[in-house]
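Student: I would like to learn how to read the sheets and the pockets of a protein model. Could we go through one together?

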Amino acid sequence: MDSKRPHKYCALKQLCSILCILFLTSCTWVKDDNDDCPDGFWLNLHYTYNILDVEAAPEYVKEVSVYIYDSIGNYVSRLDVPQTVLAANNHKVRIEGLQKGDYRFVVWSGISNSQYAVSGDNSTMDAFRLSLAGSSTTVTNRLPDVYYGILSTVHYDDAYAVHDVWMMKDTNQLTCLFVPLSGDVAVSPADYDVKVVSANGTMNVMNKPVSATPITYLPFERNSVTVNDSEYGELHGIGFSLTTLRLMADLDSRLVFQKADTGETIFNISLPEYIGMIGSYYTNLGRSLTLQEYLDRQDFYHIVFFLSEDFSTLIRLDVNSWRLRAKNHLKL
């Protein structure tokens, strides 16, 4: 008897077993309603384009509207996905029912709120506009958060695919404190007004402002404040909170501080310039942020103007955790 035959028989039996396992578990060979093989075309939503450079989509990106266009920018369809579905799919959106071909996907979050209006949403990409609702050019309330992302042309077919969509935030909150460097000066928030004026009220499909009409953003909250400063001690001032849409490095956005009774302007400054002074202190992948990157990543600004008693001279400017001194007490 050949002593090698049992070994050959065992090897053949093991090979048959392996082939059976592969046959039963392979996603490409066998598929039924009960298998765990991945399928479908998915958009995987991320929000890491923030000042901390961390994944925050599950916390902040709630519901989304996905606009689908063909490869030359013609409207195909719109898919609205509620928060419950997003959460159930780990912030992935499944795209179904398209014909095989190349498509572009534009994702918005927050635009279903009644404070926003969409036009051209069933036309070409070039016709799309997102703007503030109504005809008023003055915003007096807090704007709901808006996020935006776009996926350039990709191919859609029956194969399993997951495409990353990187979102960015389009809304900003500013808390502005005006503090005279004198404990004897009594100031009331009712005596002053602050506003941001910018032509950023209408965005196109590429998330760029396209209207020349200036929008005036007014405070949704104002109050008296006490500042305990390590250098100046306890000081009393006034604070205002307001929101704006996307701030652009190349778009003139003005922060205006006025006397309420007369409308006299105390100072009128470039908002991106002043808050952008600290932008280069932040880095990403070992390089300093550009001004636009900083404006897009940062969504909250706590700005403290330390002023002379008559509010005419800027002594020090604090933006978030950064302290900047006005060179030679530069006049505002």
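Tutor: We shall take the sheets and then the pocket. This is a predicted model, in which local features need pLDDT of at least 70 and side-chain atom pairs count only at pLDDT 80 or more, while totals for chains, interfaces and linings use all residues. Residues are numbered from 1 along each chain as its sequence is written, and side-chain values use heavy atoms, with hydrogens and water left out.

Student: What holds the strands of a sheet together?

Tutor: Strands of a sheet pair through backbone hydrogen bonds, in either a parallel or an antiparallel sense. Strands here are DSSP runs (E, at least two residues), numbered from the N terminus, and two of them pair if DSSP finds at least two bridges between them.

Student: In what order do the five strands of the open sheet lie?

Tutor: The order is β3-β2-β5-β9-β11, and the pairing is antiparallel. The edge strands, each of which pairs on one side only, are β3 (75-81) and β11 (168-169).

Student: How many bridges join β5 to β9?

Tutor: Eight bridges join β5 (residues 101-109) to β9 (residues 147-156), and the two strands run antiparallel. Within this pair, V107 stands opposite G149, and G101 stands opposite Y156. Strand β2 (residues 64-70) also pairs with β5 in the antiparallel sense, over six bridges, and there V66 stands opposite V107.

Student: Is β5 mostly covered or mostly uncovered?

Tutor: Strand β5 is mostly covered, since seven of its nine residues are buried, where buried means under 20% relative accessible area, calculated with a 1.4 Å probe on protein chains only.

Student: Which order does the open sheet of three strands have?

Tutor: That sheet has the order β4-β1-β10, with mixed pairing. Its edge strands, β4 (92-95) and β10 (161-166), each pair on one side only. Strand β1 (residues 41-46) pairs with β4 in the antiparallel sense over four bridges, and R94 in β4 is the bridge partner of W42.

Student: Which residues lie nearest the centre of the largest pocket?

Tutor: A pocket is an open set of points on a 1 Å grid over the protein atoms alone where a 1.4 Å probe fits, with protein on both sides within 12 Å along at least five of seven lines, and lining residues have an atom within 4 Å of a point. The largest pocket is lined by 13 residues, of which Y47, N50, L52, Y60 and D299 lie nearest its centre.

Methods. Buried means under 20% relative accessible area, exposed over 50%, partly exposed in between (1.4 Å probe, protein chains only).
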